[in-house]
Amino acid sequence: MMKQRLLVTGGSGFLGSHLLHQAQNFTATGTLHCTAATSIPNVSYHVCDLLQPQEVSILLDRIKPDIIIHTACSDQGGNLSAIAPAAGILAAQAAERDIRLIHLSTDQVFDGKTAPYHENSETNPLNPYGTAKSQAEDLVRSLNTKAIIVRTSLLYDLRNPDRQTSQLIQTTKTEEPYNLFTDEFRCPIWVENFAKVLLELARNDYEGTLNVGGPESLNRWELGMKLLRHFDVSPTPNITKGTIQESGLVRPHNLTLDSSTAQQLLTTPLLSIEEVQSILKNR
């Protein structure tokens, strides 16, 4: 039996690379925005500018994927203006070719005032990243009615510290003040757990929007302390509790996702940090 062909955009990114590492049951390809030193056994890579329809068309006609998981243009520090156009181009061309599309979105499409958020909750982003992702969602829905839009929360890794956790750990070696908000709640999910969910969805017939967050709603302080403990790092006095209100920033307070639909749909369980730690300990 031939393996299904999977295309992961953003193949060298945090989520994209985890997806491609786990995609042994697919013939997997990743896109790169520019040439990069990336190598995963049995995975091929193609440089593609997702803002260029002709480049996208050539790539899709060449590799003929059955499924696209669109993780590129999801970095808050990247080019926010690329998020919606790239999603629109992929959605339209996937629809033309009858390719299954899984588009990655975020809990930040919500304003944090009426949690928990369900799949049909009204979006009202408070920041430019959330606005761009909300616009991308609207484009995908309008151009590809069969697509899945997966909203998730913070992604973390308990094998190797992710970028934010690395920054937190590094701060313990300095005297630089570092505030962790006690009034900002998210549903963090282990990146390997989330990648497994997406690969299961690739073979599922679900269409529409789906919330996929971790089973716990944690504030930033709680999450930070759990991650420091996991990596055997002691918090230092310069890491302190704070609040969004005290900071003067405009941020959503409570982005708790209701992921009950995903829990009923999927065979892959959504794991808490403690459950992930238990799994890793017993491996």
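In this predicted model, Arg203 lies over the face of Phe26, at 4.3 Å from the ring centre. The partners are Phe110 and Tyr117, whose ring centres are 4.2 Å apart and whose planes meet at 10°, so the pair is classed as stacked, the cut-off for stacking being planes under 30 degrees apart. Both partners are buried, because buried means under 20% relative accessible area, and Phe110 has 0% while Tyr117 has 1%.

In soluble globular proteins, nonpolar side chains tend to be buried together. In this model the largest nonpolar core holds 44 residues, of which Ile69, Ile102, Leu198, Leu201 and Val212 touch the most other members. Helix H6, spanning residues 191-201, gives the most to this core, contributing seven residues. Leu198 shows what such packing involves: leaving aside residues up to four places away in sequence, Leu198 touches Leu15, Leu19, Ile69, Ile102, Leu104 and Val150.

Finally, the cysteines may be considered. The count of disulfides comes to zero. Cys48 is buried, with a relative accessible area of 3%, and Cys187 is likewise buried, with a value of 2%.

Note on methods
Residues are numbered from 1 along each chain as its sequence is written. This is a predicted model: local features need pLDDT of at least 70, side-chain atom pairs count only at pLDDT 80 or more; totals for chains, interfaces and linings use all residues. Side-chain values use heavy atoms; hydrogens and water are left out. A nonpolar core is a set of buried Ala, Val, Leu, Ile, Met, Phe, Trp, Tyr and Cys residues joined through side-chain atoms within 4.5 Å. Buried means under 20% relative accessible area, exposed over 50%, partly exposed in between (1.4 Å probe, protein chains only). Helices (H or I, at least four residues) and strands (E, at least two) are DSSP runs, numbered from the N terminus. Contact means heavy atoms within 4.5 Å. Rings of Phe, Tyr and Trp (its six-membered ring) pair if their centres lie within 6.5 Å; planes under 30 degrees apart count as stacked, over 60 as edge-to-face and the rest as tilted. A charge sits over a ring if NZ of Lys or CZ of Arg is within 6 Å of the ring centre and within 35 degrees of the ring normal. A disulfide is a pair of cysteine sulfur atoms within 2.5 Å.
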